[in-house]
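Subject: Structure for you to look at

Hi,

Here is the structure I said I would pass on. Have a look at it first, and my notes follow below.

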Amino acid sequence: DSMMGGEGCAAEVQMRGLELMARLWGLGEECARRCRETRAKQELEKLLACDDMLLQMNAVEVLSLLPPEDCSDLIPRLIDTSENLSGALPSCLLLCASRYIAHAPSPPAAIAAKLCASISTRLSSCRDQDLVDTLSCLAAGAATTGGLSALAQCEGYSKCVVACGASVESPHEPTRLAAMLALSNALSSLKRIQSGQAPPPDASDGRGGVLGRVGCGLVAFVVSLATKSPVVEQRVGALCVLSALCLHEWGAKAGVCVEGMVEGIMDLKDASGKRLLEEKHQVIKNVVSHNAISEVVGPEAHSRMQAYVSRGPYVAG
């Protein structure tokens, strides 16, 4: 109980105690039962209402460590609270909600709809760091098949995807990087959606719906970034988008039709760093995983891509 906020207890010690409880919470039902008895969750709720923004943000971060089934009642309140605040705290609240949507076994549709609507509104109105933070929330929510499936059933889903695509072309580098992460997460999750999980309703077109249209519409720009940007972080981000896009046959076909894409990705002369080499290799590996690609690029180019994949990411041809 002394860790639960007794008078004179330092805020840092209190927060460390609450974080410990939150981490123990998920170790089994007996641990969860004992952690509930400490009323750690209620203490975190109290901290959300305090006047210290740093404490509030720390409390949100600790809340996100709780198992989804033990914080589902808080998520709607976090989203509602985020809509009435400014500064960094709203994004922290939405990020917690996004992580919940991503990891809850079956997140309620009402919570997903509330989160998606809030993200959509912020994407259309925020700028600079607030926009970066909101895109990071979208990336967190779309990072799993369950999260993408839940968000894709919501009315604001298409607007979120379109706004994310527009942000990929932003001249503001942090915005561009955050948008590319969100787009690559969503495209990867779209490929991995399993039976029992609802795909995006518009994906019945066989080309990923709005997510596919946005991804394919950006492919020439993304290829240019991946092969020509002087900023390593932008090249890696663009390669991640290309890699996720090329998981899909329609995306791979769109990619290889961009002039210079295959040669630019396989050119290792200007590639420095393990991550850059590995992402380049993964793009081509994903492309050649589709049998139909040979008909698009021709047998000679297809053989060169297969040889590049066989050599591994660190060996130049």
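**What I found**

Let me start with helix H9, where the buried residues are Thr145, Gly146, Gly147, Leu148, Ser149, Ala150, Leu151 and Ala152. Buried here means under 20% relative accessible area, while exposed is over 50% and partly exposed is in between, using a 1.4 Å probe and protein chains only. That makes eight of eight residues in H9, so the helix is mostly covered. Helices are DSSP runs of H or I with at least four residues, strands are runs of E with at least two, and both are numbered from the N terminus. The cover over H9 includes H6 (89-103), H7, H8 (128-141), H10 and H11 (173-192).

A word on the source: this is a predicted model, where local features need pLDDT of at least 70 and side-chain atom pairs count only at pLDDT 80 or more, while totals for chains, interfaces and linings use all residues. Residues are numbered from 1 along each chain as its sequence is written, and side-chain values use heavy atoms, with hydrogens and water left out.

Of its 16 lining residues, Ser106, Pro107, Gly146, Ser149 and Ala150 are the closest to the centre. H7 (109-125) and H9 (145-152) are the elements that give two or more residues to this lining. By class, the lining has 10 nonpolar residues, six polar and no charged. (A pocket is an open set of points on a 1 Å grid over the protein atoms alone, where a 1.4 Å probe fits, with protein on both sides within 12 Å along at least five of seven lines; lining residues have an atom within 4 Å of a point. Ala, Val, Leu, Ile, Met, Phe, Trp, Tyr, Cys and Pro count as nonpolar, Asp, Glu, Lys and Arg as charged, and the others, Gly among them, as polar.)

Two serines are also worth a look. Serine 118 sits in H7 and counts as buried because its relative accessibility is 4%. Beyond its neighbours within four places in sequence, serine 118 is in contact (heavy atoms within 4.5 Å) with Ile79, Ser82, Glu83 and Leu94. Serine 167 belongs to H10 (157-168) and is buried too, at 9%. Not counting residues up to four places away in sequence, serine 167 touches Leu131, Leu135, Thr175, Arg176 and Ala179.

Cheers
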